[in-house]
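Dear colleague,

Please find below the structure that I am handing over to you.

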Amino acid sequence: MRHRNAKNKLGRTSAHYSATISNMLGALFTHGRLQTTEGKARELRRVAERTVTKAVRLGDILTRDWTTLGAAERARLIHALRIVKRTVRDREATLRMFREWAPRYLGRSGGYTSMFKLGKRRGDNAPMVLLELVPADKPESP
């Protein structure tokens, strides 16, 4: 029975699923957008939202210089980095997410990604979407 097993396995083994999600998250955090099929994008959005939330929970630690942090703050930062590193195995993508993307979303409570439908893929008629990280909220101009 599949009770309380919410993820879509995408027709892959567990190792292949983990590798697929990890690689796609790395590409999303590196480039800010990703073109893929609708099923993969829906599953990736679920994981990406949780991953960004883990970084955003650090709060103002993200906006300060990492070399000036105290011992307790540095421990929180390293713990969060290690938690995210379990999912996003690319080191550069993880650091980019913590340094560039997460500080943009500090005042935001979710909704870090958006999907745009692109139509059908020519070869197999699969529905394609563009998954991207939303831009930061801009302050109102006077």
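The model has an open sheet of 3 strands in the order E1-E3-E2, with antiparallel pairing. Strands (E, at least two residues) and helices (H or I, at least four) are DSSP runs numbered from the N terminus, and two strands pair if DSSP finds at least two bridges between them. E1 and strand E2 (113-120) each have a single partner strand, so they stand at the edges and one side of each is left without a neighbour in the sheet.

This is a predicted model, in which local features need pLDDT of at least 70 and side-chain atom pairs count only at pLDDT 80 or more, while totals for chains, interfaces and linings use all residues. Residues are numbered from 1 along each chain as its sequence is written, and side-chain values use heavy atoms, with hydrogens and water left out.

E1 pairs with strand E3 (residues 127-133) in the antiparallel sense over 5 bridges. Within this pairing, Leu34 stands opposite Leu131 in E3.

Where does Thr36 lie, and is Thr36 buried or exposed? Thr36 is in strand E1 (residues 33-37). Its relative accessibility is 8%, so Thr36 counts as buried; buried means under 20% relative accessible area, exposed over 50%, and partly exposed in between, with a 1.4 Å probe and protein chains only. Leaving aside residues up to four places away in sequence, Thr36 touches Met24, Ala41, Pro127, Met128 and Val129, where contact means heavy atoms within 4.5 Å.

Yours sincerely
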